[in-house]
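Dear colleague,

Please find below the structure I am handing over to you, followed by a summary of the findings.

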Amino acid sequence: MARKSGVGDEIPRCKREPEVVRALGCGELSGNLLQHAEACVVCSEVCTITRHLLLVESSMEEPLESAAGLWWRLNLKMRRQKMERARLPLVWMGRIFAATVLLATCLALWQVSRNTVGSYLLVVGLLGLVAVALPTMIVLWRWSRS
Amino acid sequence: MDEESFCAFYEQTARKLRSYLRSALRDEVTLADDILQESYLRFLKADLPIGMDELWRRNYLYRIATNLIRDHRRSRHMESPPNEREYATHESSLDEARDIRQVFGRLKPKERDLLWLAYVEGFSHSEIAGMVQAGTASIRPMLARARANFAGMLKRRGYGA
């Protein structure tokens, strides 16, 4: 039967509450449990609420997506997510590479403009860097998009 | 998890899980379906050991779903219940289940979750505590308050017993 759970605790409790919930989930209460639920404050409240919630639940029944279809879709999604994760370092590598090339080009142009080295060697070096960097960047970019 | 065991697990759990999601998300069907799918995706990604207890798996799935619901509520700030005017417009509703759904939707989100998990899904207090991220001892008073609130609302609406 319902009782207060302790000093200063105004919340009534009943030991048979889980039993009542289980029985309601399986169908209806019977015999001893029904008598108890009618007499107990907690259990009668639990019965009222559970019955109403089960009614709500039964009104929500709608056809579900097939398990096989979902399995296929989830696996596809997981594979895509794995690919995204695998591609991420590649994308960052490309970005860092591009930034380095840009920085090197700026530095070289700055040196040329100051005429400190200002030479044939620097221009050749710069052209060589662009000749290597540009195709590499394009390859990395295309690879990360494929 | 292989396809066969996933399908069996899905058949066992999906219907009930979707009802839980719909009740928690106030009948936003599309959103409930999205979260349902995301829950199973995370469940699969967790790669739980084969031969794990079925109840434990179900418990784990509901934990994922409850976390997703919480994240969604945080992002959408849908914590406030609908106002009195909205409540009054449904007063003459003849559809009992729909009417009770309206009343249930007026509860605080956490109260809805607790009541559903305890009385529809039949989870124990310790299982619910794990799902809603609260202490096991605090579930009983929270549940009692939620129950009293809902029972009071139902009574005022004429669904006493």
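Helices (H or I, at least four residues) and strands (E, at least two) are DSSP runs, numbered from the N terminus. Chain A averages a pLDDT of 80, and 87% of its residues score at least 70.

This is a predicted model, in which local features need pLDDT of at least 70, side-chain atom pairs count only at pLDDT 80 or more, and totals for chains, interfaces and linings use all residues. Residues are numbered from 1 along each chain as its sequence is written, while chains are lettered from A and ligands numbered from 1 in the order in which they are written.

The contact between the chains takes 26 residues from chain A and 36 residues from chain B, two residues being in contact if their C-beta atoms, placed from the backbone, lie within 7 Å. On the side of chain A that touches chain B, two or more residues come from each of strand S2 (9–13), helix H1 (17–26), helix H3 (41–59) and helix H4 (67–114) of chain A. H3(A) gives the largest share of that side, twelve residues.

Within chain B, residues B:His125, B:Ser126, B:Ile128 and B:Ala129 of H7(B) meet B:Thr136, B:Ile139 and B:Arg140 of H8(B).

With kind regards

Key. pLDDT = per-residue confidence, 0-100.
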